[in-house]
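Reader: Could you take one part of this model and go over it closely with me? I'd like the loop and the ligand treated together, please.

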Amino acid sequence: MIDINSLVRDNIRNLSPYSTARDEYQGDIGIYLDANENPNDNGVNRYPDPHHTQLRERLSQLKGVASESIFVGNGSDEAIDLIFRIFCTPAKDNVVAIAPSYGMYSVAAATNDIELRTVQLEEDFSLDSDKIVQSVDANTKAIFLCSPNNPTGNSFPQEQILGLASSLGVMVVVDEAYIDFSDKPSMVANIATHPNLIILQTLSKAWGMAAIRCGQAISSPQVITYMNRVKYPYNVNKLSQEAALAGLSNEANIALQVAQIKSERERMAASLSALKLTKTVYQSDANFLLVKVEGANKLYDLLIEQGVIVRNRSSVKGCEDCLRITIGTPSENDRVIEILTTQDN
Ligand SMILES: *Cc1c(COP(=O)(O)O)cnc(C)c1O
């Protein structure tokens, strides 16, 4: 089995983490004069729980994994950055990512001075595993797969991802930001058998809490321990931890919202397909549709003129002439179709 420690940078393996006052004592046990806080209670005068204990317990119940396997970050973007800092030595190591995909992998690579090698997806957005394998060398520390993928909307088969995780001696990061909108299962269940898998999820999309900045990494306890050692001690503030817990108690309501978004996605796919200006509506497991149209730039500008902002992906290799349209409320979606219909002659 893969030795995670051997993939970790020496300085990180040998790091003794900062021990906060709240690491030593916490809870309702006495008078706290240990952290130089203002003693007057205003709801936020005390440092928050650095271990997000309650939040991780709740996530543990929801995800069916031990809380030792869950890292909570300031968005999953924090987890992406930490993966670079834990595993990749600047100006020496590299990672492999798919293209087109989420922009943060290349930004995090660049800020950490790490080479990012990209493997272009096939024309139908499927992934050729051999191309990944060929890109990996002795200095490759991680591969980044996004499934369902942003901006293409498709997912990659679990067997394909597990095949890469089993055969490559590198970390395999699967960004599941959109998993709640997919009919396919999460890969979280596979962390026990594949300690080099890191699954990223977030409260920013289906859970409706983009503003509080909360994301999770789910992996083997060994990997999570490293992430917790390297993160800022108080990386998730108290208001966000509380809002996350409150939001996560809304499970039934969120399930209804997700069901509506999925049904709207199918309705939008059908309406868009019926337009003559549409060349392709790509199948999507996420809460957006990638649509290839006639004259993407012109339609993008027209939508903005009419007060509707979508994402123009037409300059992205593999997404020529494509707009990425997030699924909104039924009336917002109607408005998109109404505007595009005026151009459909
Ligand atoms: C939106 C998105 C995220 C979410 O990032 P947060 O920092 O958790 O808000 C992560 N990955 C992908 C692919 C996304 O599209």
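**The proline loop and the ligand**

Author: Proline 151 sits in the loop that runs between β4 (140–146) and α8 (158–167). Those labels are DSSP runs counted from the N terminus, with helices being H or I over at least four residues and strands being E over at least two. Residue numbers start from 1 along each chain as its sequence is written. Keep in mind that this is a predicted model, where local features need pLDDT of at least 70, side-chain atom pairs need 80 or more, and totals for chains, interfaces and linings take in all residues, while side-chain values use heavy atoms, without hydrogens or water.

Now, what joins asparagine 150 and proline 151? It's a cis peptide bond, with omega at about 15 degrees. That stands out because most peptide bonds are trans.

Threonine 202 brings a polar side-chain atom to 2.6 Å from an oxygen of the ligand, and aspartate 77 has a polar backbone atom 3.1 Å from a ligand oxygen. On its own the ligand has 390 Å² of accessible area, and the protein covers 94% of that (Shrake-Rupley, 1.4 Å probe).

Around the ligand there are 13 residues, with Asp175, Tyr178, Thr202, Ser204 and Lys205 coming nearest; a residue counts as near if a heavy atom is within 4 Å. By class, that shell has four nonpolar, five polar and four charged residues, where Asp, Glu, Lys and Arg are charged, Ala, Val, Leu, Ile, Met, Phe, Trp, Tyr, Cys and Pro nonpolar, and the others polar, Gly among them.

Definitions and conventions. A polar contact is a pair of N or O atoms within 3.5 Å; within protein, one must be able to donate a hydrogen and the other to accept it, and residues adjacent in sequence count only if both atoms are side-chain atoms.
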